[in-house]
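Dear colleague,

I am passing on the structure we spoke about, and it is placed just below. My notes on it follow, and I would be glad if you read them with the model open.

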Amino acid sequence: MSKLLHKAVRQKNENAYSVYQQHSANRPVNVLRDLLEFRSDRAPIPVGKVEPVSSIVERFCTGGMSLGAISRETHEAIAIAMNRVGGKSNSGEGGEDPIRWKPLTDVIDGYSPTLPHLKGLQNGDLATSAIKQVASGRFGVTPTFLVNADQLEIKIAQGAKPGEGGQLPGKKVSAYIATLRNSKPGVPLISRPPHHDIYSIEDLAQLIYDLHQVNPNAKVSVKLAAEAGIGTVASGVAKGNADIIQISGHDGGTGASPVSSIKHAGGPWELYQTAPVGQMQLKKLILAYVVSFLTGSFLLFVYVTRTRSQLIGVYVVPIFR
């Protein structure tokens, strides 16, 4: 699937994308939603009555892929692209370069001295990630980092690996990344589970409160892994005054973790959605799901299951360009 999607995006070819869609529809059954087919006796509605693309993409956000897990060029290009379309990119764990917090004003012929490694730039482009992540390691988390965000994400757990965030082997920690993470080059960095600062729902509520105080204009989200018992934790998240509950499924991840860390972590999110949805309706929370690949059938599945998710996080698709 990855190769087919990569080909379709690079060629901007509708036929190539159709091949990807067919492969996605006919792949072996992996999760519950693969067993479902959509049937309707209603006639299709006119396209003019469908919500415009410009409005739909505002609900999209990228997964938390840290700088180091992906390259600097990729990390910044994703942020610029999502800001252009009105969506949100996620910084992942590890801080952010302050030069990315202001719109570009020095672009000539698609190039900027501020970000000389990127091309195709425009004056007014903003390279900051709208979603800033806060995990137990607190790598790169400063007051200025927090105030330059539209959303602050507390990582309690990650579906693709058992709660480990910002994990980088020492050889990936360059001088640039070490500076952003307030560390030293060559030192392995990881936020180990269980998170050392959150032992209870009260601790989580305090962190949510603190983040709201630092940046009153930002929504605070809490990232949970799709697994048994998520309903109990989601209840605490709702009572702790979070604005968003994010459900991280079993797939995704950037490959920065060892194989032992990505096995048996989370499950398909559709198996664990009932309790979070109930809390969302009671507290008027926003519910977000994180997936690797995004198709029209997936969006339809989210709708017909009445989850009414207002945010969709995508890991794999944004890096295929």
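**Notes on the chain**

The accessible surface of the chain comes to about 16500 Å², and 55% of that area belongs to carbon and sulfur atoms. Please keep in mind that this is a predicted model. The chain holds 10 helices and 10 strands, and of its 321 residues 46% count as buried. Among contacts between residues at least 6 apart in sequence, 66% join residues that are at least 24 apart.

One helix I looked at is α4, which covers residues 72-85 and reaches 20 Å from its first C-alpha to its last, close to the 20 Å expected for its 14 residues at 1.5 Å a residue. Its buried residues are H75, E76, I78, A79, I80 and M82, and these pack against β1 (60-64), β2 (88-90) and α6 (175-180). Just after α4, G86 takes a positive phi of about 90°.

The other element is strand β7, residues 219-225, which is largely enclosed by the rest of the structure because six of its seven residues are buried. Strand β4 (residues 151-155) pairs with β7 in the parallel sense over five bridges, with K219 in β7 as the bridge partner of Q151. β7 also pairs in the parallel sense, over five bridges, with strand β8 (residues 244-248), where S248 is the bridge partner of A225. Between β7 and β8 the chain passes through helix α8 (residues 230-239), and this β-α-β crossover is right-handed.

With best wishes

Definitions and conventions
Residues numbered from 1 in each chain as written. Predicted model: local features only at pLDDT ≥ 70, side-chain atom pairs only at ≥ 80, totals over all residues. Heavy atoms only, no water. Helix = DSSP H or I, 4+ residues; strand = E, 2+ residues; numbered from the N terminus. Buried < 20%, exposed > 50% of the residue type's maximum accessible area, 1.4 Å probe, protein only. Contact = heavy atoms within 4.5 Å. Areas by Shrake-Rupley, 256 points an atom, 1.4 Å probe, with all protein chains shown as cover. Expected span 1.5 Å × (residues − 1). Pairing = 2+ DSSP bridges. Right-handed = clockwise from strand over helix to strand, strands pointing away.
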